[in-house]
Amino acid sequence: MRRERIVDVLVVGAGPAGLATAAGLAASGVGEVEVVDRERQAGGIPRHCLHGGFGRLGMTGPQYAERCVAAAVGTGAVLRTGVSVTAWAAPLTVDTTSPRGLERITARAVVLATGARERPRAARLVPGTRPAGVYTTGELQQAADLHRQRIGTRAVVVGAEPVSFTALDTLRRAGVAVAALVTEHPRHQARPARALDARLRHKVPLLTDATVVELVGRGRLSGVGLRHRDGRTAHVACDTVVFTGDFVPDHELARRAGLLLDPGTRGPAVDGAFRTDGRGVFAVGNVLHAAEPARAVAREGTLAAEAVRRYLSDGDWPSAAVRLRVAAPLAWIAPNRLTPDDPTGAFTLRTTEFLARPTLVITQDGRTLHRTRARRPAVPNRPFRVAGDWTGRVDVRGGAVRIALG
Amino acid sequence: MAVTRRGVPPDVAYDVTVIGAGVVGTAVARELARHVGLRVALVEAADDVGEGTSKANTAILHTGFDAVPGSLESRLVREGQRLLTAYAAESGIPVEPVGALLVAWDGEQLAALPGLLEKAERNGYPAARLLGPAEVRAREPHLGPGALGALDVPGESVICPWTTTLAYATQAVRSGVDLLLNCRVEAVSQAGESHLLSTSRGPLRTRYLVNAAGLHADTVDRLLGHDAFTVTPRRGQLIVYDKLARDLVRHILLPVPTALGKGVLVAPTVYGNVLLGPTAEELDDKTATGTTAEGIAALREKGHRILPELHDEEITAVYAGLRAATDQDDYRISAHKEQRYVTVGGIRSTGLTASLAIAAHVTELLAGTGLDLPEPHDPEPVRMPNIGEAFPRPYQRADLIAADPAYGEIVCHCERVTRGEIRDALAAAVPPGSPDGLRRRTRARGGRCQGFYCGAEVRELYERGAEMGTG
């Protein structure tokens, strides 16, 4: 009892990346472009980021989300919300559930733009009791700003990257005092002005080289146990803890499709044209690299639209690809497949340690392809980039390309 | 309303009061409710049914193949397995008959298998058999290296412990049992032919008393002047891996019990996850349900040896439960005729499987102490919402969605829980007492994102539903 339908392009996920892809495709007249999103409202994560800084004009998240939606709808893409993709029926056919019933949608090309989420407490293996008052930033923002729920009185924020400071703002708006920001790193990873503002104006202490090792409390959280790198421990009384950052791609659909995943990003492995190893299946946005800012993923969407359009017109799909691998302390690189006809412009990387102007050495089968020194330091939880002008030297029949520190 | 969470207990003389609304207490209450005309109370210290040992265990429907032959536990598990299998089918409790393999990883364990096979036969379970290493590998292709053989126990199943307890409670309440939650029994005194219970909600009068207080059964027993056993909480920490790991394991992979203890299992869950655990830690604190870094690390190390690919899978939940261990290797069920009192103590991890048989046994004991039991009637069958993966869930059912679009509106995306299911749980005969109770009824907020997407909305639905309810 599934209604069966056919469209030209199905985009899964109506966040900035999916909407930009759909807008680009619909504008280029490739036929019927449909975007489905499981949430009741389109726009993705920016919908619950009430703070500014989105897009070139620095609008708030909801404004930015609205603009992305309007752009996609304005070009003629069909946007359907409250529609969950629940399974694959064939390599380019998905099953969906919505209040209108069950459907089976087949497309000439499928674009996965399923985004990312923060790892919650359990996935971070923080032991202790299981009290109420434990949040991720995503849940906190929705609870405080969209649902106006009571949060608590005194919070510890785990993480000191840009999103952690966003959590501070949300807590402040909700009237929650912040006992401390806790980071396992030796320094925060946000813009200096932002960190300074939190420390001086809002008097939020930053505890570095420290991890939350225990949650305490019955019913409601009563405190967290901390351990410093040097072994010292402390107890901080609080009724709220927010686990920020530590983003992972929402890769369920990619994985259920049997697509090749990248072990670093944990998202589907793609080339510079956003092609996965499944013919006709593209992936774009933070499902590839959790997490980049909305503007960056929207730009990817525009590029992906061009790649999908090309595929729809020429039908070409690379049969071979070379994998890209990073060595610690590098965490991942994206894109992470190289194909012969690849228009790769630049690569995004992440490090797990602070690196003062790292030198990257790119090799294949022991042969050095490229050596380059970054112009800026590399900071954990923040992107740094390397240009793709060396990809022409890659042997497409060779082994994996390795990116390591020089 | 037959379910209350506050206010003084009704001023009636109950015929029987059951202390403890875990899987055993609810089963006893349900069994008593079959005898129409009995006035039965079920009192529970927590704010929901199944809040103690019953909610945090390994969720296995045992065959009882490895019980001590001739023990009460052996008999009740064997009977209970048959009863619960039938009851689950009738009530829609999720069960998956995946079978178990006791995998031997060293010579000592391999040598123990024939003895276990023989024990299974003595326990009236003839279906077990020994497997060689090649067959083990063929049955479980993702197993780590070094498995030397296994005992195949095809009758073992995984079950939903939450729905089981809830089904019993629902049927009991619908049959007229008063369920008093947030109602801790603090003292017991005698007033003529009655027990007078002092509870945290006020006095409660009852002629007969059943102690199914689980971890606190020894405390309640002492309130009645007995000092027969001590419950030592044995903590079991468990890790739940994401559903994307489910394809890695096909059977319940049981450890081979040796002199060093019962060990750690890897098992599928009826919700489509993979469970790893438990640890076994003897404690004295009956509230110590926290997890520890050491416990988690030890489990992961063991789990990754059994199933190396678990290493790359995301973890959805980590929790700990306490088993009600006593100093004896058997259940401690005894009747005290002169006190019109039955103690149901020492019910360990097999209690879920044995629950219906324990209930029948306890009811017989009550009759033996003089309780006049009206003729039993089969209660109105109960049909529980399906939260397991073996049968279609509401989001997969065109018929349900066509009749009510709320079943097509997915609120919790990781677990695919619909607004319709949440609404139904909040309006049920035994509504949840907390968002966690709602999770155990629907799985909402129990998935890999732990509320990143749906947490605020689920809490809002819960709070709105709780306001409308009478709880």
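**Ground rules**

I worked with a predicted model, where local features need pLDDT of at least 70 and side-chain atom pairs count only at pLDDT 80 or more, while totals for chains, interfaces and linings use all residues. Residues are numbered from 1 along each chain as its sequence is written, chains are lettered from A and ligands numbered from 1 in the order in which they are written, and side-chain values use heavy atoms, with hydrogens and water left out.

**Entry 1: a sheet in chain A**

I began with an open sheet of 3 strands in chain A, ordered S19-S21-S24 with antiparallel pairing. I noted that helices (H or I, at least four residues) and strands (E, at least two) are DSSP runs, numbered from the N terminus. Two strands pair if DSSP finds at least two bridges between them.

Which strands are the edge strands? They are S19 (330–334) and S24 (384–387) of chain A, each pairing on one side only. From one strand to the next, the twist averages 30°; the axes behind such angles are lines fitted to C-alpha atoms (for helices over the stretch in contact), and angles run from 0 to 180 degrees between N-to-C directions.

I then looked at each pairing. S19(A) and S21(A) run antiparallel and are joined by 4 bridges, and here A:Trp332 stands opposite A:Arg350 in S21(A). Strand S21 (residues 346–351) of chain A also pairs with S24(A), in the antiparallel sense over 4 bridges. There I found A:Phe347 opposite A:Val386 in S24(A).

Is S19(A) mostly covered or mostly uncovered? S19(A) is mostly covered, with 4 of its 5 residues buried. Buried means under 20% relative accessible area, exposed over 50%, and partly exposed in between (1.4 Å probe, protein chains only).

**Entry 2: nonpolar cores**

Next I looked up the nonpolar cores. Such a core is a set of buried Ala, Val, Leu, Ile, Met, Phe, Trp, Tyr and Cys residues joined through side-chain atoms within 4.5 Å. The largest has 60 residues, and those with the most contacts inside it are A:Val9, A:Val33, A:Leu112 and A:Phe282. Helix H7 (residues 294–314) of chain A gives the largest share of this core, 9 residues. A second, separate core has 55 residues, including B:Leu84, B:Ile159, B:Val173 and B:Tyr208.

Not counting residues up to four places away in sequence, A:Leu112 touches several residues, among them A:Trp88, A:Leu253, A:Phe282 and A:Val287. Contact means heavy atoms within 4.5 Å.

**Entry 3: empty space inside**

Rolling a probe the size of a water molecule over the atoms shows where empty space is left. On a 1 Å grid over the protein atoms alone, a cavity is a set of points where a 1.4 Å probe fits but cannot get out, and its lining residues have an atom within 4 Å of a point. Grid points are joined across faces, edges and corners, and a volume is the space filled by probe spheres set on the points.

How many cavities of 30 Å³ or more does the structure hold? I found 3. The largest cavity holds about 80 Å³ of space, and its lining includes B:Asp48, B:Lys55, B:Trp162 and B:Arg440. Helix H5 (161–174) and helix H11 (435–442) of chain B each supply at least two residues of that lining, with H5(B) giving the largest share, 4 residues.

B:Thr170 counts as buried because its relative accessibility is 5%. Leaving aside neighbours within four places in sequence, I saw B:Thr170 in contact with B:Val382, B:Met384, B:Ala429 and B:Val430.

A:His185 lies in the loop between strand S10 (177–182) and helix H5 (192–201) of chain A. Why does A:His185 count as buried? A:His185 counts as buried because its relative accessibility is 12%.

**Entry 4: backbone details**

I listed two cis peptide bonds. One runs from A:Ala290 to A:Ala291, with omega near -5°; the other joins B:Gly277 and B:Pro278, with omega about -5°.

I also noted A:Phe274, a residue other than glycine with a positive phi, near 65°. A:Phe274 is in the loop between helix H6 (252–256) and S17 of chain A, and is buried, with a relative accessible area of 8%.

Terms used: On a 1 Å grid over the protein atoms alone, a cavity is a set of points where a 1.4 Å probe fits but cannot get out, and a pocket is an open set with protein on both sides within 12 Å along at least five of seven lines; lining residues have an atom within 4 Å of a point.
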